[in-house]
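Please look over the following model, for which a short report on selected local features has been prepared.

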Amino acid sequence: MEPARQKWAARALLAVAVATMVAWLMGANLKSRISTNVLDLIPSEPGLQELNMVRSLADQDEARIILLAVRAGTASAPGAPASDILATDLARALASEPAIAQAIPLADHIPRDAIARAIFLRRLSLLLPGWLDTMKRQYDSGSKSVPWPAWLAEKAAQDLEAFLAKPEAIAAQDVVTSDPLLLVPRLANRMEGISGPGFESGQGANYSLVWALSRESPLSEGGQEPVFAAVNDAMSKVRAIDAGAELRWTGVARFAAASRARIEREVRLLNILSLCLVVGVAAACVRKIHRAIHLVPVVLGGLLGAWTVTAAAWHRVHVLVFVIGSLLAGVAVDYGFYLFLQPKLRPSEPYAERARRLVRPLLASALTTVIGFSFLLWSELPLIRQLGVFVSAGLIFALLTALLWFAQIDDSHLDTRSFIRWRPNPAGRGVRLASRLALFAGAVVALAGPWRLHWRDDIRELEIPTPDITANDSAVRSLFGDDGAKTVYLTQGASLADARDNLESFLKWHAVAYPGSKAAAVGMALPTKEQWARLPSERAALADFPGQFRLALERHGFQVESFAPFFRAWKDAAASPTQPPYEAMVRELERSLRGPLSSLVHDAPGTAWFVTIAEQGPGPDPPASTNTVTDSQLQNLNRLFLKYRISALRLSCVGLAFVGASVFVLYGIRRGARIFAIPSGACLFAFGLFGLLGITLNLFNLLGAFLGVCLSHNYAIFTAESLRRHEEPPPSIRMSSLAAASSFGVLSLSRIPVVSALGSTVAVIVIAALAITELTPLASGENTVQRPGQ
Amino acid sequence: MGWAHPLGAETVVIGPGTPGPKWESLIGALARKGPIRAAFTERRHFAFRREATVLTGVLRFSPRLGLSLQYMRPEESILIADSRGLEIRDSTGRSRDIPAGSGAAGVIEAILPIMQFDMPALYRAFIVHGEMTGEGWSLEFTPKDADLSEAFGSIVVSGSSTDVKRLEFKRAGSMHVEIDVGETQTGVSFSQDELKKYFR
């Protein structure tokens, strides 16, 4: 019997701790603090353009776009409206929904015509500065034998004459007399292909197309269910007109909602499965199965502590932390195993005495692991920092719970079944040879395999793939003419003026990197800030231009009087006493942008960007100096994750160094080296195995390796402690590694690729460490352990 | 019903069931001509220019694949009009698609059913006037849609016997385009190279 005071003190401490944590969690409104937004997994660092763009893309128009395709039913009644009329009705119904900010049938040319008109009316502000810049460069590279205004007039007349022989001249004839410098036709030519054919015609296959914008970000709840309801309501109104009308639609909200639902299911499933497997391993290995229930409070205590500390430390915690956190079940149970299964030295040995014997290895294993994981707090990635705290807090609380729980029960020892204690006789020659062969094979894998490793990270692997929604997305986008053959670039700046300057650098790079490939951006309709600032002086230097241009037009066979609208506009612009600031001119253009084109430019305080669509497929990425990235770089963030992978590797190495140093301090150089060799060897074996199997690893394999090493060095410590006392290693080591392997094995089944990567890495390392622990004494033929009956 | 043409020939409105045997026979013969290849000269008259801009090249027509205009002078380019819309290929090989039904496809897109002499389709979209003098004939297509009519004017196809000799695009008060069709090879079979280069 344990002393009553000890029992009641332990119970009181446990009850107070549990009550405090549960009360805090209940009052913390956990639902609002748990995020499923993938962007909460990555940091917000001012210098990282890719991340800042991803964040602004996610929050701004680009992510809020909804593409809808509607067609009349095949069995519609005679006289039923055609698809284009249904598209107009659908857009009207959507626009009346509070969750939808804009909805435009793409066959409606009014928004596009309005933009074209706005640019045309401001052509001498928006387009003239860039044209003058280009012309001046050509003039400067020539002989300069003719004065600049005369040269420019002759060149403009030559270009106009040549233009009339081009196919597009027929369509542009009405604007030529107002725009003989061809500012607008040139822009139209450069902007070709900025949107797919569906965007131009409003038709794709037999569908009529609608472009819409949700009011809220699709990554927020307001941008999901209310949008789905709005689409359903609008479609109900369309079906009231044509019952057979068909709708296909896509938007980021569909991916986000599906991902959220799947991750939530995964959290529940993985946690329950993990707990069941751990309890199952325990139940299979102990004599009185029902008493294995005493291990459950240890796991629950660890998880409760981990949830509380993590939620207290961060206002927003990503759900992935809790998914991966389910692994704690397999780790936290270790302390229960070690305390509960440790044989008594004598039948009357009290709990306190037994616990005192174990406190050194328990503290050594727990604290070294906690120290190791604490280094993850220095990671740039919020996910890794949160995981570091989750695991560290969970382990400390599991240890405390185990110490207190077993202090308040009468019988704190549990016998294990004989099979879990069974060991082959190390004196047997076959056993020794087989052990040596197995260790040799493992060493070959550990030394040869890691050289074949490949690393790649993709932010999309943080989420569960949704092939059905992806297929629907591709199908709808193809109706809009997006065949994925083009490359999309995003050019960023602190302001639109900055972004426009960067766009100029990017376009110069693109012209050299991809000669012959056309690139189109809304930013082309704007001058750079410098060009705009130079315009008044350029105009002053061209005071003779109108007269020279009249003569040149005459020489090239034009009816000069037809061009009166141009000369009038030129005179008005030159006579204007002041030029508006650049920002005002940009805002004026922005106001005219509606519909799909408005999503190709973004202007917010502190960040602005332009989208460029280029004809060519994938190829070399633009240099960092252009402040431009491709959308595929944004989609996978591999380049960025490479930085985090290196950072995580550095932190893991520092953490491991501290773990190793702690072991050397506690156990001396020789024994410390033997202890540390086991997890290190197991880790090398795991990487070797993955390398030989051709598996591409990511940041989470690295994290898994770190966790695996921390876990498996516990087994080495407990084995070393037993050997020091000439005792057989306790069965808790095998049970602990089996429980850890099971719980991480469950994670490897996850449909979230990175969770699966982490789970499989830890499971392999844990099993390999157990194998090394078991095989080393057998291979060496040592018989230092006092076996029963010897 | 007919009306007096300024040149004296009688102009008739041609519609479903009204062309009469002479027109029926001519239109049937034109529609059955099959693939053709012909040299052409295009003259573009702009209201703001004293002289026409002259372009020359080779016209290819396939009832199945559509119409292809290979411009050779003053600048090389290829214009293809087919059921998918328009494609313009410049001398560097870069192409630009203008989908069928978009405003930009405009008048060029309308040539296709005219070159096919697909009269049922033409009757739906155009008011058709015909004029015949001996071997010579001309058909004028005026869009029924008032906006289209204002934007593109009318298209006149004229010829002799069963050969198309001229295409004209007339827009009141502004541009006027004439395409004179020169030596014509009928019933040609295009090589694989030609099909790849001039059609899609």
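## Packing of H1 and H15 in chain A

In this predicted model, helix H1 (residues 4–27) of chain A packs with helix H15 (residues 296–313) of chain A at an angle of about 50 degrees, their axes lying 10 Å apart.

On the side of H1(A), the contact is made by A:Val18, A:Met21, A:Trp24 and A:Leu25, while H15(A) contributes A:Leu304, A:Gly305, A:Trp307, A:Thr308 and A:Ala311. Sorted by class, the contact has 7 nonpolar and 2 polar residues, and no charged ones.

## The buried face of H25 in chain A

Helix H25 (residues 545–555) of chain A has as its buried residues A:Gln548, A:Phe549, A:Ala552 and A:Leu553. Viewed down the axis of H25(A), these buried residues fall within an arc of 135 degrees, so they line one face of the helix.

The buried residues of H25(A) pack against helix H9 (148–163) of chain A. H25(A) is followed by A:Gly557, which has a positive phi, near 85 degrees.

## A loop residue in chain B

B:Leu65 lies in the loop between strand S4 (53–62) and strand S5 (66–73) of chain B. With 17 other C-beta atoms within 10 Å, B:Leu65 is partly exposed.

Leaving aside residues up to four places away in sequence, B:Leu65 touches B:Asp82 and B:Phe199. The C-alpha atoms of B:Leu65 and B:Leu112 are separated by 9.8 Å, although these residues are 47 residues apart along the chain.

How values were computed:
Residues numbered from 1 in each chain as written. Chains lettered and ligands numbered in written order. Predicted model: local features only at pLDDT ≥ 70, side-chain atom pairs only at ≥ 80, totals over all residues. Buried ≥ 20, exposed ≤ 12 C-beta atoms within 10 Å, placed from the backbone. Helix = DSSP H or I, 4+ residues; strand = E, 2+ residues; numbered from the N terminus. Arc of directions from axis to C-beta. Contact = placed C-beta atoms within 7 Å. Axes fitted to C-alpha atoms, helices over the stretch in contact; angles between N-to-C directions. Nonpolar A, V, L, I, M, F, W, Y, C, P; charged D, E, K, R; others polar.
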